Amino acid sequence: MVIKTLLAVTGPGLGKADLRIAAHLCEQIEAHLSVLVVALAAPPPIGEYAATVSDIWLEQRQENMKELEKRTAAVSEFLAATTISTDLSSEYQETSSADDAIGRRARYADLTVIGPELLSRDTLKEKAIEGALFSSGKPILLVPDGTKPTLRPKRIMVAWDSRLEASRAVRESLDLLVGAEDVRIALVDPVESETGHGAEPGADIAAYLARHGVKVTVDRLPSQGRSVASTLREHAADTAAELMVMGAYGHSRLRERIFGGTTRSMLDSPTIPVLMAR
């Protein structure tokens, strides 16, 4: 995938940090930046007190729209001061439909950047991630606080489990992998299987990437009682990886929300930038 357009999602109450990150990434690869400002509408009152609070609710929604206008104006001012190609749009959405609205916008970008400010906002974060992953067909880039993201990483770790989602993530990040100096294929507790990793876990994906010119090493990692996510995080730190590539939601979203899972753990606590696709 050649990245020509990045999408940044922001909202009222957020600052400039995520915008600066997205703009820097665009400068780095000479890409276009699309920014979507999203305000979530106050939920309507229900129950026996709905009639008495309806005026308050309407006032709150009007205030939400004013905040959206103010935030959009501030973002427009920020973008005008940059030297990159940009566009700006805004959405006032019910919480239940915000993910679809974000997903529709993300279809016209190659990558949606989820910066540290957005990661700190539970509801808007969830809507942006779910919209981009499930309604756009495009990958996302998680950028945790305190990290220095780059779209020209020298060291990349690929979390490989032989699932369709992991294969999609590798394909979406192939240009980045080809340009890296060191790519580690990390397999946690791999098992030989005709329907999974094959007779030699990691060999097939390593051969595929090598044919593209990727400088690849296969690391088979024992979890030793740790979670898969913890094992991957530790290995990323040990290998000084600048980017992790992984598939998202090999299990259903509901199952991961209830029982936990690698995707959910990475979304909640990323330690380095993570490119996710499904």
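Which residue just after H1 takes a positive phi? Glu 30 does, with a phi of about 55 degrees. The model is predicted, so that local features require pLDDT of at least 70 and side-chain atom pairs count only at pLDDT 80 or more, while totals for chains, interfaces and linings use all residues. Residues are numbered from 1 along each chain as its sequence is written, and side-chain values use heavy atoms, with hydrogens and water left out.

Helices (H or I, at least four residues) and strands (E, at least two) are DSSP runs numbered from the N terminus. Helix H1 comprises 13 residues, 17-29. From first to last C-alpha H1 reaches 19 Å, close to the 18 Å expected at 1.5 Å a residue, where the expected span is 1.5 Å times one less than the number of residues. Its buried residues (under 20% relative accessible area, with exposed over 50% and partly exposed in between, for a 1.4 Å probe and protein chains only) include Ala 22, Ala 23 and Cys 26.

The strands form an open sheet of 10, ordered E3-E2-E1-E4-E5-E10-E9-E6-E7-E8, with mixed pairing; two strands pair if DSSP finds at least two bridges between them. Strand E3 (86-93) and strand E8 (216-221) each have a single partner strand, so one side of each lacks a neighbour in the sheet. From one strand to the next, the twist averages 25 degrees. Within the sheet, E4 (residues 111-114) and E5 (residues 140-142) run parallel and are joined by three bridges, and Ile 114 has Leu 142 of E5 as its bridge partner.

Helix H9 (residues 228-238) lies across E6, E7, E8 and E9, at about 155 degrees to E7. Thr 231, found in H9, is buried with a relative accessible area of 2%. Its contacts (heavy atoms within 4.5 Å) include Val 188, Leu 221 and Arg 226.

A nonpolar core is a set of buried Ala, Val, Leu, Ile, Met, Phe, Trp, Tyr and Cys residues joined through side-chain atoms within 4.5 Å. In the largest, of 46 residues, Leu 6, Leu 33, Leu 151, Ile 156 and Leu 177 touch the most other members. H1 gives the most to this core, with seven residues. Leu 33 touches Ala 22, Ala 23 and Cys 26, among others. A second, separate core of 35 residues includes Leu 118, Leu 133, Ile 140 and Ala 186.

Technical notes. Axes fitted to C-alpha atoms, helices over the stretch in contact; angles between N-to-C directions. Lists of a residue's contacts leave out its neighbours within four places in sequence.
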